[in-house]
Amino acid sequence: MINYSETQKEITLKIDSEGTLSKWRDWRWQLSHTIRDLDTFEKITGISFPDEKYDELKETLEKFPLAITPYYLSLIETEDYENDPIFMQSFPSVHELDVIGEDLADPLDEDRDSPVEGITHRYPDRVLFLVSNKCAMYCRHCTRKRKVGDIEYIPDKDQISKGIDYISNNPQVRDVLLSGGDPLLLDDSYLEWILSELTEIPHVEIVRIGSRLPAVLPYRIDENLVEMLKQYHPIWINTQFNHPREITSSSTEALRKLADGGVPLGNQSVLLAGVNDCPRIMKTLVQKLVMNRVRPYYMYQCDLSEGLSHFRTPVGKGIEIIESLRGHTSGLAVPTYVIDAPGGGGKIPLMPNYLISWSTNKVVLRNYEGVICTYKEPDNYESVFCNRKCDDCTLQLKLDNADESKSIGIEKLLCDYDDTIALYPENNERMERRDEK
């Protein structure tokens, strides 16, 4: 049996009494020792659940399995585990079995927007590419909770090649986001093969990787991985830190290696009730991220996935947090608060109202302090009329690889070259009555 003792806020593993296990920082060892059952969790942490609670948790695990890396487990403060943000993100709750009316198995309609297996094509110029079904840890708030418990597997080259072919055959795709699962759990050679294939496609300008590993398994970020990634710039990585306590000496070292390797880093937090729904916590988190050269990118409203209602906050809580950040800390540290719209509508930004009112030649604004001011609009602004005859345009249009594309959505109503004056939702009753005449 493996015994655990705490040293400098990390658990150091020992085998019997023969000395410290040297493989603690070996990411493959961490994966092979992932905690996956209640008995092991209790033995390691010393936490003992009452029989009734134990049975409820066991029932939860039958639907949503448990998987915590030893590293992440070591961060739990066992004396107050029920309120611990590390515990709440990694350990199951009986509330996960509470599926309410608005919960959805696939709230973002990723499967419906999938032209080929592994690809979600929602936005005009970018695609989501699922290249792995494996995670180092099962985050309890995962938006792809429907997939948790599926057989962990890595798509083979034939399946990945179909996704690469789709990207290659759609020249509007300039941005590819690798996700999963976690792409950084792929072996270096396999991940390199995917990156090499993508960078050979002329119209692919950047590749992004979404990974939780800097927070839950930072030892995966080793020199070999970074050296490989450096060969395929521009590579961007977005990670997910949700609480300041996740930023440890080990995660800081992982972020340093990536940043020193020229990888721009972003962070996508999820707003979680009882974990980080506090202006003080979020302000500390974003400031620590910026110190580690990580740009706070998004703060997500928790999705409508099944079993996540206990994590969701009112939208007003997110607005309150943004109010506490804008003007109160560096603009660089303020993320965009978004709802990833149910039904595949994409990310919709939300923010406090800083524009109070406006007239023909003035707008009335307020700042973070509540100071109200006016901004004078120009009296003689004449917009450039666009008739799509670029050769006759007076603007400087000498752009490399300039892209001509049709406008959609609200842009269509604003542009000068389209006669559309209104957009109507599908099955609009008023329009149907018109058609019946």
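**Close-up views of a predicted model**

**View 1. A charge over the ring of Tyr123.** The charged end of Arg126 lies over the Tyr123 ring, 4.1 Å from its centre. A charge sits over a ring if NZ of Lys or CZ of Arg is within 6 Å of the ring centre and within 35 degrees of the ring normal. The model is predicted: local features need pLDDT of at least 70, side-chain atom pairs count only at pLDDT 80 or more, and totals for chains, interfaces and linings use all residues. Residues are numbered from 1 along each chain as its sequence is written, and side-chain values use heavy atoms, with hydrogens and water left out.

**View 2. A charge over the ring of Trp27.** Here the charged end of Arg220 sits over the ring of Trp27. The distance to the ring centre is 4.3 Å.

**View 3. Phe41 and Phe87, a tilted pair.** The structure holds 12 aromatic pairs. One of them joins Phe41 and Phe87, with 6.2 Å centre to centre and 50 degrees between the planes. Rings of Phe, Tyr and Trp (its six-membered ring) pair if their centres lie within 6.5 Å; planes under 30 degrees apart count as stacked, over 60 as edge-to-face and the rest as tilted. The pair links distant parts of the chain, 46 residues apart: Phe41 is in helix 2 (residues 38-45) and Phe87 in helix 5 (residues 85-90). Helices (H or I, at least four residues) and strands (E, at least two) are DSSP runs, numbered from the N terminus. Both Phe41 and Phe87 are buried. Buried means under 20% relative accessible area, exposed over 50%, and partly exposed in between (1.4 Å probe, protein chains only).

**View 4. Phe49 and Phe91, a stacked pair.** The ring centres of Phe49 and Phe91 are 5.3 Å apart, with 20 degrees between the planes. Phe49 lies in the loop between helix 2 and helix 3 (51-63), and Phe91 in the loop between helix 5 and strand 3 (119-123), so the pair ties together parts 42 residues apart in sequence. Phe49 is buried, at 5% relative accessible area. Phe91 is buried too, at 2%. One aromatic cluster takes in Phe41, Phe49, Tyr81, Phe87 and Phe91.

**View 5. Strand 7 and its partners.** Strand 7 (residues 235-239) is mostly covered, with 4 of its 5 residues buried. Strand 6 (residues 206-210) pairs with strand 7 in the parallel sense over 4 bridges. Two strands pair if DSSP finds at least two bridges between them. Gly210 has Asn238 in strand 7 as its bridge partner. Strand 8 (residues 265-271) also runs parallel to strand 7, joined by 3 bridges. Thr239 has Asn267 in strand 8 as its bridge partner.

View 6. His233 and Pro234 are joined by a cis peptide bond, with omega about 5 degrees. Pro234 lies in the loop between helix 9 (223-229) and strand 7.

**View 7. Arg293, a positive phi.** Most residues other than glycine have a negative phi, and most peptide bonds are trans. Arg293 is not a glycine, yet its phi is positive, about 65 degrees. Arg293 sits in the loop between helix 11 (279-291) and strand 9 (294-301). At 44% relative accessibility, Arg293 is partly exposed.
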